[in-house]
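Here is a short tour of one model, written for reading alongside the sequence and the 3D view. Have both open as you go.

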Amino acid sequence: MTLNIDDLIERLASQPLDRSLEGLEWDVARGIARRSADLKTGAALAPVRVASIGLALAIGVTAGGLAAASTVSAPQQLSTFSVSAHLAPSTLIEGSR
């Protein structure tokens, strides 16, 4: 079966439209205006986003530094085969009893 593109286009042209195109131009213009407003809002909130990321980073570094300092300041007698070692394989496998 041979399909001729011209025949297909003629058949398509003879069919009625499935929806009205009235107002399509206004819908597109409204969509563009909405997108432009969203971009302007995003650009206005960019400094707030950067500040919140910086604040979160500062809090994380401070909390991590304090946790590391408290771990270093508490001397512990750790040995490779010690039962009191928190990261010993036996305590990790068994868990807390």
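L17 sits in the loop that links α1 (5–14) to α2. In this predicted model, is L17 buried or exposed? L17 is exposed, because its relative accessible area of 68% is over the 50% cut-off.

Now to helix α2, which covers residues 24–73. Both D27 and R30 belong to this helix, and they are three residues apart, about one turn of the helix. Their side chains come together in a salt bridge, at 2.3 Å from N to O. How many salt bridges does a search of the whole structure find? The search turns up one. As for D27, it counts as partly exposed because its relative accessibility is 41%, which falls between the 20% and 50% limits.

Here are the two residues with their accessibility values.

| Residue | Relative accessible area | Class |
|---|---|---|
| L17 | 68% | exposed |
| D27 | 41% | partly exposed |

Finally, step back to the whole protein chain. The chain contains three helices and zero strands, and reading along the sequence gives the pattern α-α-α. What share of its 97 residues counts as buried? The figure is 3%. The accessible surface of the protein chain is about 9,100 Å², and carbon and sulfur atoms account for 65% of that surface.

Technical notes. Residues numbered from 1 in each chain as written. Predicted model: local features only at pLDDT ≥ 70, side-chain atom pairs only at ≥ 80, totals over all residues. Heavy atoms only, no water. Salt bridge = Lys/Arg side-chain N within 4 Å of Asp/Glu carboxyl O. Helix = DSSP H or I, 4+ residues; strand = E, 2+ residues; numbered from the N terminus. Buried < 20%, exposed > 50% of the residue type's maximum accessible area, 1.4 Å probe, protein only. Areas by Shrake-Rupley, 256 points an atom, 1.4 Å probe, with all protein chains shown as cover.
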